[in-house]
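Here are a few notes to read with the model open beside you.

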Amino acid sequence: MNPKNPAPPVPVPVHLKPKPKPVRVRETPAPADQSLDLVTVPARQGLEAVDILRRGADQEAVGPVLHDGACDTLGFLVPPGTADGWDVPGSACTRTDGRGLRIPAEPPGSGSGWLLPPAEDAPVTDPAVLRAALDQAARLIEAADNCC
């Protein structure tokens with residue numbers, strides 16, 4: 001072996017490589033045995049809103065967020081009853097089925113995944129905080145789209 005030209009690494013056969021251990025996210029119960037509501041927005045606005053929420057004074061203001069790649073949307077889990085008064089343009093808020101929903105460790109549909117997985121310290125996003133972040137995100141997107 002020449003010290004200036006070390007031997008190339010020997011590839012390890014796939015069947016000998018250790019398999020990664022699956023990561024399990026603990027399920028977080030919904031508040032007070034009630035169902036949760038889900039606010040869905042276009043992915044671009046939702047990603048902006050997540051950035052706004054995470055940069056804010058309370059960096060834990062955002063709870064679990066689902067990304068649905070097939071529909072190009074984000075879904076924010078919010079407390080039950082949010083759908084009754086939700087009126088943010090460009091978004092929708094739907095109720096879940098009310099059967100004691102628990103936040104699942106695995107995303108609920110194929111083509112979806114957790115952008116922000118469930119965490120014990122931030123079970124859901126505050127709807128008032130989310131509304132403000134979505135409004136700010138919409139203004140930022142509009143300004144960016146109209147600047148040039």
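1. A word on terms to begin with: a residue is called buried when its relative accessible area is under 20%, and exposed when that area is over 50%. By that rule, buried residues make up 30% of the 148 residues in the protein chain. Please keep in mind that this is a predicted model.

2. Now for the overall layout. The protein chain has 3 helices and 7 strands, and going along the sequence they come in the pattern β-β-α-β-β-α-β-β-β-α. Among the contacts with a separation of 6 or more, 82% join residues 24 or more positions apart. As for the surface, the protein chain exposes about 9,800 Å², and 56% of that is supplied by carbon and sulfur atoms.

3. Do have a look at how two of the helices meet. Helix 1 (residues 43-55) packs with helix 3 (residues 127-146) at an angle of about 120 degrees, and their axes lie 8 Å apart. Angles of 65 to 115 degrees count as roughly perpendicular and those over 145 as roughly antiparallel, so helix 1 and helix 3 are oblique to each other. Their crossing is right-handed.

4. Which residues of helix 1 and helix 3 make the contact? Helix 1 brings Arg44, Gln45, Glu48, Ala49, Ile52 and Leu53. From helix 3, the residues include Val129, Leu130, Ala133, Leu134, Ala137, Ile141 and Asp145.

5. Where is tryptophan 86 found? It is in the loop between helix 2 (82-85) and strand 5 (92-95). Tryptophan 86 has a relative accessible area of 11% and is therefore buried. Leaving aside residues up to four places away in sequence, tryptophan 86 touches Val39, Ser91, Ala92, Cys93, Pro127, Leu130, Arg131 and Leu134. Tryptophan 86 and alanine 128 are 42 residues apart in sequence, and their C-alpha atoms are 9.9 Å apart in space.

6. Finally, a backbone detail. Most residues other than glycine have a negative phi. Aspartate 72, however, has a positive phi, near 55 degrees. Aspartate 72 has its place in the loop between strand 3 (65-68) and strand 4 (73-78). Is aspartate 72 buried or partly exposed? Its relative accessibility is 48%, so aspartate 72 counts as partly exposed.

How values were computed
Residues are numbered from 1 along each chain as its sequence is written. This is a predicted model: local features need pLDDT of at least 70, side-chain atom pairs count only at pLDDT 80 or more; totals for chains, interfaces and linings use all residues. Side-chain values use heavy atoms; hydrogens and water are left out. Helices (H or I, at least four residues) and strands (E, at least two) are DSSP runs, numbered from the N terminus. Buried means under 20% relative accessible area, exposed over 50%, partly exposed in between (1.4 Å probe, protein chains only). Contact means heavy atoms within 4.5 Å. Accessible areas come from the Shrake-Rupley method with a 1.4 Å probe; for residues, only the protein chains shown count as cover. Axes are lines fitted to C-alpha atoms, for helices over the stretch in contact, and angles run from 0 to 180 degrees between N-to-C directions. Angles under 35 degrees count as roughly parallel, over 145 as roughly antiparallel, 65 to 115 as roughly perpendicular and the rest as oblique. A crossing is left-handed if the near helix is turned anticlockwise from the far one by less than a right angle, and right-handed if clockwise.
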